[in-house]
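Here's a quick briefing to read with the model open beside you. Have a look at the fold, then work through the points below.

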Amino acid sequence: MIVCHCHAVNDATVLDAIAGGAGDVAAVGRACRAGTGCGGCHETLARLLDAAAAVEEAFVDEVVVEVRPSPARPVREAARR
Ligand code: FES
């Protein structure tokens, strides 16, 4: 789907830019030119940035849950002492 019509940039290219470290609309523009014309796509770029951040946050939360020790483990270890 084309996100930026001024430069014919699609959502996949924008998401690649975000995955490559573009953290705001200006950085996305520097990475792939999206948003550097009329500015009409800035709201869509901001929504893609927010969505990518939410996905990353959910992934980090999932990893933290996976590595967090079971709450039962300290109880079992204390019971052995
Ligand atoms: S539509 Fe993206 S800058 Fe114009």
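In which loop is R33 found? R33 sits in the loop between α2 and α3, where helices (H or I, at least four residues) and strands (E, at least two) are DSSP runs numbered from the N terminus. Bear in mind that this is a predicted model: local features need pLDDT of at least 70, side-chain atom pairs count only at pLDDT 80 or more, and totals for chains, interfaces and linings use all residues. Residue numbers start from 1 along each chain as its sequence is written.

**Helix α1 and its two sides**
- Helix α1 (residues 11–19) has V14, A17 and I18 as its buried residues; buried means 20 or more other C-beta atoms within 10 Å of the residue's own, exposed means 12 or fewer, and partly exposed is in between, with C-beta atoms placed from the backbone.
- Cover for the buried residues of α1 includes β1 (2–4), β2 (9–10), α2 (25–32) and α3 (42–67).
- After α1 comes G21, with a positive phi near 120°.

**The core**
- The largest nonpolar core has 15 residues, and V3, V14, I18, V28, A34 and L45 touch the most other members; such a core is a set of buried Ala, Val, Leu, Ile, Met, Phe, Trp, Tyr and Cys residues joined through C-beta atoms within 7 Å.
- β1, α1, α2 and α3 each put at least two residues into this core.
- Beyond its neighbours within four places in sequence, I18 is in contact (C-beta atoms, placed from the backbone, within 7 Å) with V28, L48, L49 and A52.

**How α1 meets α3**
- The axes of α1 and α3 come within 10 Å and cross at roughly 55°; axes are lines fitted to C-alpha atoms, for helices over the stretch in contact, with angles from 0 to 180 degrees between N-to-C directions.
- D11, V14, L15 and I18 of α1 make the contact with L45, L48, L49 and A52 of α3.

**Loop residues worth a look**
- R33 has a positive phi near 75° despite being a residue other than glycine, and with 16 other C-beta atoms within 10 Å it is partly exposed.
- A8, in the loop between β1 and β2, isn't a glycine either, yet has a positive phi of about 50°.
- A8 counts as exposed because it has 11 C-beta neighbours inside 10 Å.
- C38 lies in the loop between α2 and α3, and its 10 C-beta neighbours inside 10 Å make it exposed.

Technical notes:
Contact = placed C-beta atoms within 7 Å.
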